[in-house]
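Reader: I have a structure open and would like to learn how to read it feature by feature. Please give me the general idea each time, then the case at hand.

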Amino acid sequence: MSVFQMEKTVDITTLPQVETIAIEAKSISVYYRKKHGIYKVSLRFSANHVTALIGPSGCGKTTLLRSLNRMNDEVEGCIVSGSILFSGVNINAPSINVFELRKRIGMVFQEPNVFAKSVYQNVAFGPIRHGVKDKHRLAEIVEESLQMAALWDEVKDKLHSSALTLSGGQQQRLCIARAIALQPEILLLDEPTSSLDPISTGKLEQLIGELKKNYTIIFVTHDMQQAARISDYTAFFHMGKLIESGRTKELFTNPKDERTERFISGRFG
Ligand SMILES: Nc1ncnc2c1ncn2[C@@H]1O[C@H](COP(=O)(O)OP(=O)(O)OP(=O)(O)O)[C@@H](O)[C@H]1O
């Protein structure tokens with residue numbers, strides 16, 4: 001048989017898709033002075049999927065989220081050990097340019113923190129800081145980002161009004177547009193709907209489902225049903241430790257650890 005002939009043909013359309021890992025935490029521990037935030041957390045995040053971080057208050061969800069783009073650098077007395085692998089490098093290395101890193105791994109906080117500037121300026125701010133000068137290009141970026149954040153139709157006639165005149169739900173989507181304007185690869189969302197009414201929450205959840213086509217999304221939530229509705233993967237934390245993680249459906253229907261089972265059934269937390 002020639003070396004070019006194969007014994008059996010494999011139908012590649014039937015092979016399972018291999019998911020790419022967008023970012024990986026390896027044995028991450030975080031101390032706030034002498035107090036533990038999280039302890040030896042290792043977790044891989046699949047690209048173009050939504051991962052929910054869940055667990056009782058104070059279990060370390062936000063601490064892990066903030067580790068993923070070096071936000072803990074801003075907290076005085078905070079020490080991080082372990083590595084975060086992103087694009088083949090450990091982003092905890094001192095040589096990493098944090099300004100550039102946060103362009104690629106954007107973050108949206110619990111409370112919408114729009115600037116007291118116009119809608120347009122809020123979105124254009126990041127690209128301008130990163131060197132975009134051309135006015136036409138900036139206008140394109142602003143429109144594209146607002147479109148992707150499902151806000152364009154609501155604000156296209158008031159781009160030059162203050163962002164503070166928008167509703168809470170609109171402001172939160174503006175924060176997402178602001179992060180998207182930098183064309184990040186990963187979006188970190190810390191309880192993005194906690195200050196929103198049910199209608200705005202529904203819109204934002206729908207938006208997250210759309211955005212995963214282009215971005216890897218990692219979000220913290222206190223709402224079990226929300227995690228079950230919109231995430232592909234879930235990671236459950238307890239007292240600073242990762243207890244278990246896996247496909248959301250699997251974790252919610254067949255939790256392996258008794259603490260996960262008690263938490264998702266509302267028996268603690
Ligand atoms: N800036 C800080 N200084 C000191 N301790 C902190 C700080 N931030 C968090 N911690 C502590 O680290 C632990 C983990 O907190 P973290 O905010 O990550 O938990 P969480 O699961 O996100 O909580 P929540 O659901 O209430 O927001 C807690 O014990 C908390 O008190």
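Reader: Which residues are around the ligand?

Author: A shell is read as a list of residues whose C-beta atoms lie within 6 Å of the molecule. In this predicted model, the residues around the ligand are Y32, K35, G37, G55, S57, G58, C59, G60, K61, T62, T63 and V75. Two elements, β2 (35-46) and α1 (61-67), each give two or more residues to that shell. The largest share, three residues, comes from α1.

Reader: Next, the backbone. What should I look for in phi?

Author: R33 has a positive phi, near 50°, and is not a glycine. R33 is found in the loop between β1 (21-32) and β2. S87 is likewise not a glycine and has a positive phi, about 55°. The loop that holds S87 runs between β4 (78-86) and β5 (89-90).

Reader: Are R33 and S87 buried or exposed?

Author: The call comes from counting C-beta neighbours within 10 Å: 12 or fewer means exposed, 20 or more means buried. R33 has 8 such neighbours, so R33 counts as exposed. S87 has 11 and therefore also counts as exposed.

Reader: How do I read a helix, say α6?

Author: Start with its length, then ask what surrounds it. Helix α6 covers residues 168-180, 13 residues in total. From its first C-alpha to its last, α6 reaches 18 Å, close to the 18 Å expected at 1.5 Å a residue.

Reader: Why is α6 described as largely enclosed by the rest of the structure?

Author: Because twelve of its 13 residues are buried. Among them are G169, R173, L174, C175 and I180. The buried residues of α6 pack against several elements: the strands β6 (105-108) and β7 (186-190), and the helices α3 (119-129), α4 (135-148), α5 (152-155) and α7.

Reader: Where is I199 found, and is it buried or exposed?

Author: I199 is found in helix α7, which spans residues 198-211. I199 is exposed because it has 10 other C-beta atoms within 10 Å. As for distance, the C-alpha atoms of I199 and Q147 are separated by 19 Å, and these residues are 52 apart along the chain.

Reader: What does the secondary structure of the whole protein come to?

Author: Ten helices and ten strands. The radius of gyration is 20 Å, close to the 18 Å that the globule rule gives for 269 residues, so the protein is as compact as a globular protein of that length. Its C-alpha atoms fill a box of roughly 65 × 60 × 40 Å along the principal axes. Of the 269 residues, 41% count as buried.

Reader: Which residues does UniProt list for a domain?

Author: An unreviewed UniProt entry lists residues 23-264 as "domain: ABC transporter". Over residues 23-264 the chain is 37% helix and 27% strand. The end C-alpha atoms of that stretch are 26 Å apart.

Note on methods
Residues numbered from 1 in each chain as written. Predicted model: local features only at pLDDT ≥ 70, side-chain atom pairs only at ≥ 80, totals over all residues. Helix = DSSP H or I, 4+ residues; strand = E, 2+ residues; numbered from the N terminus. Expected span 1.5 Å × (residues − 1). Contact = placed C-beta atoms within 7 Å. UniProt positions renumbered as here; feature names shortened; annotations may be inferred. Rg over C-alpha atoms; globule rule 2.2 N^0.38 Å.
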